[in-house]
Amino acid sequence: MDAAEFRRRGKEMVDYVADYLENIEKRQVYPDVEPGYLRSLIPEEAPEEAESYEDVFKDIERVIMPGVTHWHSPYFYAYFPTANSFPAMLADMLCGAIGCIGFSWAASPACTELETVMLDWLGKMLKLPEDFLAGTEGRGGGVIQGTASEATLIALLAARSKIVKLIQADHPDRSETHIISKLVAYSSDQAHSSVERAGLIGGLRMKKIPTDNKFSVRGDALQKVLEEDRATGLIPFFFCATLGTTPSCAFDCVTELGPICNAEKIWMHIDAAYAGSAFICPEFRPLLNGIEFADSFNFNPHKWLLVNFDCSHSSYVISHLISLQHWQIPLGRRFRSLKIWFVFRMYGLKGLQHVGLAKEFESLVRADQRFEISADVVLGLVCFRLKGSNELNETLLKRINNARKIHLVPCQLAGKFVLRFAVCARTTESRHVQEAWCHISHLASELLQELPH
Ligand code: PLP
């Protein structure tokens, strides 16, 4: 493909993408395929001779689209959202064209510098403490990680390194291996599985702190476990607080937990993968109170801030870190900050501050006596269930997903099987939410009528 053909094909692809997104609600949100569907549709081996672009392009609809779960459909209510917007897609195209591997300033000055400034923009939008910003006295700052999982792992490894140095400063005779064997890290029993996985990858002991009836870790619960563990000779060194848990969007009480962590010399990392974007709204910023006690903070603009995957914001109080080169696991880094730059300039802060449809869905659920709300609705997630057994709710969810009209996933809350309704797509409107509720309510009526009276 030469530049002339690229110009033509590029315009065709832009048309295809615009058509796809404009008409996405006409596509079935969840595909009908079975595992292994794709292998039979393409050759077993790469082609010996070059094929034409037409042949490749034709296969998008034949091979790919039948197996796509349409995350940007207004009928997609599963997991948490993943963001997208046209400015971010254009920026990604430019990123591909520049194609640098920005591992150091010299490897691509614009890549390093724009990322530093964009992370400061984000930090200021969230009103992070000055220590988390690079632009002030350069004490802190952020980088873009691929995912929240990577951010947690990096924070855990940095905390491990810090505690080993701290202990060895007082006890030079104690070996690193011996110290590490005594370390213990903590998170909420509602924390995302990536937190436990960070412990497994880091080879570190990890314990879960029980949550209260709002699914939130409180100070006394952490304090109790710390005392028990210190009494047995363990060394607590890391706590991962979650703001906006995956099952129910609960918030650990960081204003209680932070002072404990600071007093006990425990690194506090805050995982706000989903909820973090909402903190740009003044009404939700109080949910981030206590950030001043944290050593590191992460959220995913790629979930909820119109910046396409992957773009995970990670900020650190740098004085705790060993070297800037160790802010991420890979050496290479894409020019991802272009997406932030394009999106924030083209929407402005005011264009990004929108939350609301979940409250509308919550009122529909509350108005139906057959259902109950299972957790406080704070942002864009509603946890709900039919009053009744777990089996009943499992059947309802199966029927909802088998009907293929909308797509939801479940969670477990205090032993109960709960349906999660996450408002995901940028294009979701009130009419889609109303339609989704009518559909759920109709399927529930059918199911309840089948039960023996
Ligand atoms: N932490 C929380 C609270 C999440 O909700 C999620 C994903 O939804 C993650 C971490 C993992 O995110 P990532 O895919 O960016 O690693």
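Start by selecting Asp310 and Arg336: both are buried, where buried means under 20% relative accessible area, exposed over 50% and partly exposed in between (1.4 Å probe, protein chains only). Before going further, a word on ground rules: this is a predicted model, so local features need pLDDT of at least 70 and side-chain atom pairs count only at pLDDT 80 or more, while totals for chains, interfaces and linings use all residues. Residues are numbered from 1 along each chain as its sequence is written, and side-chain values use heavy atoms, with hydrogens and water left out.

**Stop 1: the salt bridges**

Asp310 sits in the loop between helix 10 (301-304) and strand 7 (312-317), and Arg336 in the loop between strand 7 and helix 11 (337-352), so the pair ties together parts that are 26 residues apart in sequence. Helices (H or I, at least four residues) and strands (E, at least two) are DSSP runs, numbered from the N terminus.

How many salt bridges does a search of the whole structure find? The count is 29. For one of them, pick Arg404 and Asp32, whose closest N and O atoms are 3.1 Å apart. Arg404 belongs to the loop between helix 13 (390-403) and strand 10 (409-413), and Asp32 to the loop between helix 1 (3-22) and helix 2 (53-64), so this pair ties together parts 372 residues apart in sequence. Asp32 is exposed, with a relative accessible area of 54%.

Next, select Arg218 and Glu256, another salt bridge, with N to O at 2.5 Å. Arg218 is in the loop between strand 3 (205-209) and helix 8 (219-231) and Glu256 is in helix 9 (residues 254-263), so the pair ties together parts that are 38 residues apart in sequence. Arg218 counts as partly exposed at 32% relative accessibility, and Glu256 as partly exposed at 29%.

**Stop 2**

Look for an open sheet of seven strands in the order 1-7-6-5-4-2-3, with mixed pairing; two strands pair if DSSP finds at least two bridges between them. Strand 1 (140-145) and strand 3 stand at the edges with a single partner strand each, so one side of each is left without a neighbour in the sheet. From one strand to the next, the twist averages 20°; axes are lines fitted to C-alpha atoms, for helices over the stretch in contact, and angles run from 0 to 180 degrees between N-to-C directions.

Colour strand 7: six of its six residues are buried. Ser312, Ser314 and Tyr316 point one way, while His313, Ser315 and Val317 point the other way. Strand 7 runs antiparallel to strand 1, joined by six bridges, and Val143 has Ser314 as its bridge partner. Strand 6 also pairs with strand 7 in the antiparallel sense, over four bridges; look for Ser296 opposite Tyr316. Strand 5 (residues 267-271) and strand 6 (residues 296-299), by contrast, run parallel and are joined by three bridges.

**Stop 3: Asn298**

Zoom in on Asn298 in strand 6. Is Asn298 buried or exposed? Asn298 is buried, with a relative accessible area of 0%. Its side chain makes a polar contact with the side chain of Ser312 at 2.9 Å. (A polar contact is a pair of N or O atoms within 3.5 Å; within protein, one must be able to donate a hydrogen and the other to accept it, and residues adjacent in sequence count only if both atoms are side-chain atoms.) Asp271 is the bridge partner of Asn298.

**Stop 4: the ligand**

From Asp271, move to the ligand. It is surrounded by 14 residues, the closest being Ala148, Ser149, Thr246, Asp271 and Asn300; the cut-off is a heavy atom within 4 Å. Draw distances from the ligand's oxygen atoms: a polar side-chain atom of Ser149 lies 2.5 Å from an oxygen atom, and one of Thr246 lies 2.9 Å from an oxygen atom. Finish with Asp271, where an N or O atom of the side chain is 2.6 Å from a nitrogen atom of the ligand.

Technical notes:
Salt bridge = Lys/Arg side-chain N within 4 Å of Asp/Glu carboxyl O.
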